[in-house]
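Please view the structure before reading the points below.

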Amino acid sequence: MHCRLFSFPFAFSFDQAASQRIKILAFFSSLLVAKLRIASSRRPPLDFCIDMEFEGRYKKVQSQGGRFDCLLFDLDDTLYPLSSGMAAECCKNIGEYMLEKLGIEESKIPDLCSVLYQKYGTTMAGLRAIGYNFNYDDYHSFVHGRLPYETLKPDPVLRQLLLSLPIRKAIFTNADRDHAARVLKRLGLEDCFEGVICFETLNQPSSSSGEETSSNIFDIVGYLSKPDPAVDQPKTPMLCKPSVEAMEQALRIANIDPQRTVFFDDSARNIQSAKAIGLHTVLVGTSQRVKGADHALESIHNVREALPELWEEAEKSSNIRPSNNVTMETSVTA
Ligand SMILES: [Mg+2]
């Protein structure tokens, strides 16, 4: 059609009927282009999909003037407990990756892991900072792809809690997209969230095959034990929590207003960054509040006790409850 449309007028002289046909074609063509432009401008960023039906409910709640209109959740050890053993397996896999794929001396791995995690947010981000280069997908499939996902079981209590709140809900994890999808599926929560902000959302894909590792790996453990004021600590090219820059970028991508959002995470440092950018914060996994935490919960199942106003606001406007609404009972398993 495009070919005909653009070559037609120049090919031969035409009568009135032909002219009319061209005008009609041009009209529909411009309509199509306009629609494509609108669709393109509305297309959500990578890994963040908006459920339009949900968005409609969200707007109704907003108009009721509730204090919060979005819940933003970390994934691992927040939506399921640390006792699942997934975190320990993940650490083991990271160590094996460093040994087998990067050739790091086994005796140095525990200290290096710990330092990189502390200084850069994730061990992966730290490895890149000090000079290692590797394919991100390979790393994720080695570290996350081999996790014992079967240990995670459906959580109908959490599912009920989430579905009983007709406001926006999203995931913000440092892990990769495949891992997030598998965890949510195992927990039976894959349809409870508007979208997932994950590693791929904030970082460009890698092109490295692992052959570009610097011959000069920065000795971060040695540097931190005896810092040299003349030497700068290397920066990571990756964006991840708890970096304030990463968190601000995530909120921008998801169009989230920090002043109207509750953020849940099991990491105290992530909670502190979240508080610094204006989020209302809930530390999950312990009842001991830390600096920057507005609440602390042993389990995500306790959320209704910490934030009863969320359910009170939902109950005030029964006409906005979702059709798949469920009972408001909160079952506490701390
Ligand atoms: Mg976590």
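Strand β1 (residues 70-73) is covered on both faces, with C70 and L72 buried on one side and L71 and F73 buried on the other. The model is predicted.

**Strand β1 and its partners**
- In a regular strand, side chains alternate between the two faces of the sheet.
- β1 pairs with β2 in the parallel sense, over 4 bridges.
- On the β2 side, C70 has R168 as its bridge partner, while L71 stands opposite K169.
- β1 also pairs with strand β4 (residues 261-265), again in the parallel sense and over 4 bridges.
- On the β4 side, the bridge partner of L72 is F263.

**The sheet**
- The sheet is open and has 6 strands with parallel pairing, in the order β3-β2-β1-β4-β5-β6.
- Its edge strands are β3 (195-197) and β6 (295-297), each of which pairs on one side only.
- From one strand to the next, the twist averages 25 degrees.

**Helix α8**
- In helix α8 (residues 156-163), the residues L158, L161 and L162 are buried.
- These three lie on the same side of α8 because they cover an arc of only 95 degrees around the axis.
- An α-helix has 3.6 residues a turn, so residues three or four places apart point the same way.
- The cover over the buried residues of α8 includes β2 (168-172) and α14 (303-306).

Methods. Residues are numbered from 1 along each chain as its sequence is written. This is a predicted model: local features need pLDDT of at least 70, side-chain atom pairs count only at pLDDT 80 or more; totals for chains, interfaces and linings use all residues. A residue is buried if 20 or more other C-beta atoms lie within 10 Å of its own, exposed if 12 or fewer, and partly exposed in between; C-beta atoms are placed from the backbone. Helices (H or I, at least four residues) and strands (E, at least two) are DSSP runs, numbered from the N terminus. The arc is that of the directions from the helix axis to the C-beta atoms. Two residues are in contact if their C-beta atoms, placed from the backbone, lie within 7 Å. Two strands pair if DSSP finds at least two bridges between them. Axes are lines fitted to C-alpha atoms, for helices over the stretch in contact, and angles run from 0 to 180 degrees between N-to-C directions.
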